[in-house]
Amino acid sequence: MPNSLARVALLFAAGYIAAAALASATTFVVGDDQGWTMGGDYVAWAKGKTFQVGDKLVFNYPSAEHTVTEVGKNDYFACAGGSALSSDRSGSTNVTLTGPGTRYFICNIPGHCTIGMRLAVTVIAGDGSPPVVAPTGAAAGAQVRPRMGPVVAAAAGAMIKLAL
Ligand SMILES: [Cu+2]
């Protein structure tokens, strides 16, 4: 009995967390309508925005005219793309922010970074990051319930009753 309850609670928790993660992920179009371009001010663009784990950056630009080159912090400030972590010039570069920390992007076409084609985003662990799920029935129920609205909690109760 405790085992089946635990299993149902865990299954429900996993589904609920997956749905919450999907719902809270945000896609940011870098530079908005202006896109990734010379003359853009990406310090200003990033200011005031909150980037959370699971969110996505989309860089739009004419393919091959620019690059989206991810570099380390020092190379970002030096506009140096020689030790790039990754680079793309497809014209539509999608980057998923998979973990907390600061990510640094430059355009690696000579001269572009130095006049402002660079973006640093600080990613924080948000609601979309996977929380720890307790392994036992009672603890799992206790952890999951406070996160649910009354309707969802009622549905979960009904599910658990059916399973029993
Ligand atoms: Cu460029």
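Setting aside neighbours within four places in sequence, L57 is in contact with F28, V30, V95, L97 and V121. By contact I mean that the C-beta atoms of two residues, placed from the backbone, lie within 7 Å.

Before I go on, two housekeeping points. This is a predicted model, where local features need pLDDT of at least 70 and side-chain atom pairs count only at pLDDT 80 or more, while totals for chains, interfaces and linings use all residues. Residues are numbered from 1 along each chain as its sequence is written.

Now the overall layout. The protein has five helices and eight strands. Along the sequence the pattern reads α-β-α-β-β-β-α-β-β-β-β-α-α. If you take contacts between residues at least 6 apart in sequence, 73% of them join residues at least 24 apart.

So what about the core? The largest nonpolar core has 21 residues, and L57 is among those with the most contacts inside it, along with V30, F59, L97 and I106. A nonpolar core here is a set of buried Ala, Val, Leu, Ile, Met, Phe, Trp, Tyr and Cys residues joined through C-beta atoms within 7 Å. Buried means 20 or more other C-beta atoms within 10 Å of a residue's own, exposed means 12 or fewer, and partly exposed is in between. Strands β3, β4 (68-71), β7 (101-106) and β8 (118-124) each give two or more residues to this core. The largest share, three residues, comes from β8. Across the protein's 164 residues, 24% count as buried.

On to the sheet. Three strands make an open sheet, ordered β1-β3-β6, with mixed pairing. Two strands pair if DSSP finds at least two bridges between them. β1 (27-29) and β6 (92-96) are at the edges with a single partner strand each, so one side of each has no neighbour in the sheet. On average, neighbouring strands here are turned by 20° against each other, direction ignored. Strand β3, residues 56-60, pairs with β6 in the antiparallel sense over five bridges. Within that pairing, K56 stands opposite T96 in β6.

Last stop, Q34, in the loop between β1 and α2 (42-46). Is Q34 buried or partly exposed? Q34 is partly exposed, because 14 other C-beta atoms lie within 10 Å. Its C-alpha atom is separated by 8.9 Å from that of Y61, 27 residues apart along the chain.

Notes. Helices (H or I, at least four residues) and strands (E, at least two) are DSSP runs, numbered from the N terminus. Axes are lines fitted to C-alpha atoms, for helices over the stretch in contact, and angles run from 0 to 180 degrees between N-to-C directions.
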